[in-house]
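Try each task before reading its solution.

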Amino acid sequence: KTIACLFDLDGVLVDTAVYHYKAWKQLANSLGFDFTEAQNEHLKGVNRMRSLDMILNWGGVEKTETQKLALAAQKNEWYVAMIDRMTQAEVLPGSVALLENLRQAGIKIALGSASKNSGMILQRTKLTHFFDAIVDGNVVSKSKPDPEVFVKGAQLLGVPVADCVVFEDAQAGIEAALAGGMKAIGVGQEANLKGAQLYVKDLSQLSVKDIVALTEK
Ligand code: G6P
Ligand code: MG
């Protein structure tokens, strides 16, 4: 049977969380309040406009829809200036080797990211060619934990959800995978990844065999 691996981008394959954090912090500070790394943890996997709503709420600030669009655009401008300078060196440990091994094993690979900047990040870090399908914030409307982003990936690859394995660094992403009927591998801090079938610190700890075994459970 054909199996598929669906990868989140930010925090799983590349280390962009720190750039999101810096850009949001700059925005919060410009509005007169602070933004912590603990708060940033809750924004992983959450799309841009929803993230902004959460930040404004934490800061106790109210804005009109028009103002919100301008604020989100400002944050994105700062963020894009940072990711524009990304290189292959920012690909997280084990990512390239695992992607190569999966391809060699005939396993399908899709991206499942909430980001509207995924195309640029994949290009700068030279990962684009690994993907059979790219599903990102430009084509989905519902934010994780809704399973839409992963279900679309499975459909594009033509692989049943039960034979799909999702790689996620965010609780919302693990929940999205499980809601979609898929297996979930948590990458990063176990405390932030409840419900995953398997946890790893980074992708260097995983073999194709481990992943295939998970789909046989
Ligand atoms: C990923 C990140 C989130 C980010 C979202 C949207 O899911 O984990 O922190 O808010 O993408 O990213 P974007 O690049 O479209 O603003
Ligand atoms: Mg992520």
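**Exercise 1.** In this predicted model, find how strand β2 and β3 pair, and over how many bridges.

*Solution.* Start with β2, residues 108-112, which pairs with β3 in the parallel sense over three bridges. Next, pick out one residue: Leu111 has Ile134 in β3 as its bridge partner. Now step back to the whole sheet, which is open, has six strands in the order β3-β2-β1-β4-β5-β6, and shows parallel pairing. Its edge strands are β3 (133-135) and β6 (198-200), each pairing on one side only. On average, neighbouring strands here are turned by 20 degrees against each other, direction ignored.

**Exercise 2.** Work out which strands helix α9 lies across.

*Solution.* Locate α9 at residues 208-215; the helix lies across β1 (4-7), β4 (164-168), β5 (183-187) and β6. Against β4, α9 runs at about 120 degrees.

**Exercise 3.** Decide how α3 is oriented relative to α4.

*Solution.* The axes of α3 (residues 48-59) and α4 (residues 65-83) come within 10 Å and cross at roughly 105 degrees. Angles of 65 to 115 degrees count as roughly perpendicular, so α3 is roughly perpendicular to α4. At the contact, Arg48, Met49 and Leu52 of α3 meet Lys68, Leu71, Ala72 and Asn76 of α4. Sorted by type, these residues are four nonpolar, one polar and two charged.

**Exercise 4.** Find the residues with the most contacts inside the largest nonpolar core.

*Solution.* This core has 58 residues, and the ones to look for are Ala4, Cys5, Phe150, Cys164 and Val166.

Terms used
Residues are numbered from 1 along each chain as its sequence is written. Chains are lettered from A and ligands numbered from 1 in the order in which they are written. This is a predicted model: local features need pLDDT of at least 70, side-chain atom pairs count only at pLDDT 80 or more; totals for chains, interfaces and linings use all residues. Axes are lines fitted to C-alpha atoms, for helices over the stretch in contact, and angles run from 0 to 180 degrees between N-to-C directions. Helices (H or I, at least four residues) and strands (E, at least two) are DSSP runs, numbered from the N terminus. Angles under 35 degrees count as roughly parallel, over 145 as roughly antiparallel, 65 to 115 as roughly perpendicular and the rest as oblique. Two residues are in contact if their C-beta atoms, placed from the backbone, lie within 7 Å. Ala, Val, Leu, Ile, Met, Phe, Trp, Tyr, Cys and Pro count as nonpolar, Asp, Glu, Lys and Arg as charged, and the others, Gly among them, as polar. A nonpolar core is a set of buried Ala, Val, Leu, Ile, Met, Phe, Trp, Tyr and Cys residues joined through C-beta atoms within 7 Å. A residue is buried if 20 or more other C-beta atoms lie within 10 Å of its own, exposed if 12 or fewer, and partly exposed in between; C-beta atoms are placed from the backbone. Two strands pair if DSSP finds at least two bridges between them.
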